[in-house]
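This report covers side-chain contacts, and it starts with the aromatic rings. Salt bridges and the surface follow.

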Amino acid sequence: MLCRKNSSCEETGSVPVYLNVYDLTPINGYAYWFGLGVYHSGVQVHGVEYAFGAHEYPTTGIFEAEPKQCDGFTFRKSILIGKTELGPADVRGVMEDLAEEYKGNAYNLITKNCNHFCNDACIRLTGNPIPSWVNRLARIEDNGVYKE
């Protein structure tokens, strides 16, 4: 079960899906222009932002928040990923399915982070992946070699 945000919105039809990107560190202000940076992200659809974070329990790490208001991070930008025909209940169903895979105690900065979650959610909702620069840190292997 996801941590639910109050939402009475029951829109259906072609609805935009946004990736909201946040800076994890103030150095991103400079690093961003060089194609570098460390980012948190969330998926915004039907007025709700879904994100993934770590905790020590074997329950879902997916949570709901107000769009562009993720505590502890500085909002950078919204990116339109695509559109979905799914209504709010169906979107929630997608998030419930992803909750089985994205447990809080399985969070890993390199192999299973918030950006991995957002990529999977965006593909399921729109058929489109997130931009590769958002999760660039996860593609740097332990020996410091970048892999695409």
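## Aromatic pairs

Across the whole structure, a search finds 7 aromatic pairs. One of them joins F52 and Y102: the ring centres are 5.0 Å apart and the planes meet at 75°, so the pair is edge-to-face. The cut-off for that class is over 60 degrees. This pair links distant parts of the chain. F52 belongs to strand 3 (residues 48–52), while Y102 lies in the loop between helix 2 and helix 3 (114–126). The two residues are 50 residues apart. The model is predicted.

Are the two partners buried or exposed? F52 has 1% relative accessibility, so it counts as buried. Y102 is buried too, with a relative accessible area of 2%. F52 also forms an aromatic pair with F117, and this one is tilted. Here the centre-to-centre distance is 6.4 Å, with 40° between the planes. Again the pair links distant parts of the chain: F52 is in strand 3, F117 is in helix 3, and they are 65 residues apart. F117 has a relative accessible area of 0% and is therefore buried.

## The ring cluster and a lysine

Which residues do ring pairs link into a cluster? They are F52, Y102, Y107 and F117.

Y102 has a charged neighbour as well. The charged end of K112 sits over the Y102 ring, 4.7 Å from the ring centre.

## Salt bridges

How many salt bridges does a search of the whole structure find? The count is 5. Side chains of opposite charge can pair when their charged atoms come close. In one of these contacts, the side chains of R92 and E64 meet at 2.3 Å, N to O. That pair links distant parts of the chain.

Why are R92 and E96 about one helical turn apart? They are separated by that much because they lie 4 residues apart in helix 2. E96 has 24% relative accessibility, so it counts as partly exposed. Salt bridges link E64, R92 and E96 in a network.

Another salt bridge joins the side chains of E100 and K103, at 3.9 Å, N to O. E100 counts as exposed, at 61% relative accessibility. K103 is partly exposed, with a relative accessible area of 22%.

## A nonpolar surface patch

Now to the surface. W33, F34 and L36 form a nonpolar patch there. Together they have about 450 Å² of accessible area.

Where is W33 found? It is in the loop between helix 1 (28–31) and strand 2 (39–45). W33 has a relative accessible area of 67%, so it is exposed.

## Summary

Three features stand side by side. F52, Y102, Y107 and F117 are linked by ring pairs. W33, F34 and L36 make up a nonpolar patch on the surface.

Technical notes
Residues are numbered from 1 along each chain as its sequence is written. This is a predicted model: local features need pLDDT of at least 70, side-chain atom pairs count only at pLDDT 80 or more; totals for chains, interfaces and linings use all residues. Side-chain values use heavy atoms; hydrogens and water are left out. Patches are made of residues with over 30% relative accessible area and no salt bridge: like charges are joined within 9 Å, nonpolar side chains (Val, Leu, Ile, Met, Phe, Trp, Tyr) within 5 Å. Accessible areas come from the Shrake-Rupley method with a 1.4 Å probe; for residues, only the protein chains shown count as cover. A salt bridge is a side-chain nitrogen of Lys or Arg within 4 Å of a carboxyl oxygen of Asp or Glu. Buried means under 20% relative accessible area, exposed over 50%, partly exposed in between (1.4 Å probe, protein chains only). Rings of Phe, Tyr and Trp (its six-membered ring) pair if their centres lie within 6.5 Å; planes under 30 degrees apart count as stacked, over 60 as edge-to-face and the rest as tilted. A charge sits over a ring if NZ of Lys or CZ of Arg is within 6 Å of the ring centre and within 35 degrees of the ring normal.
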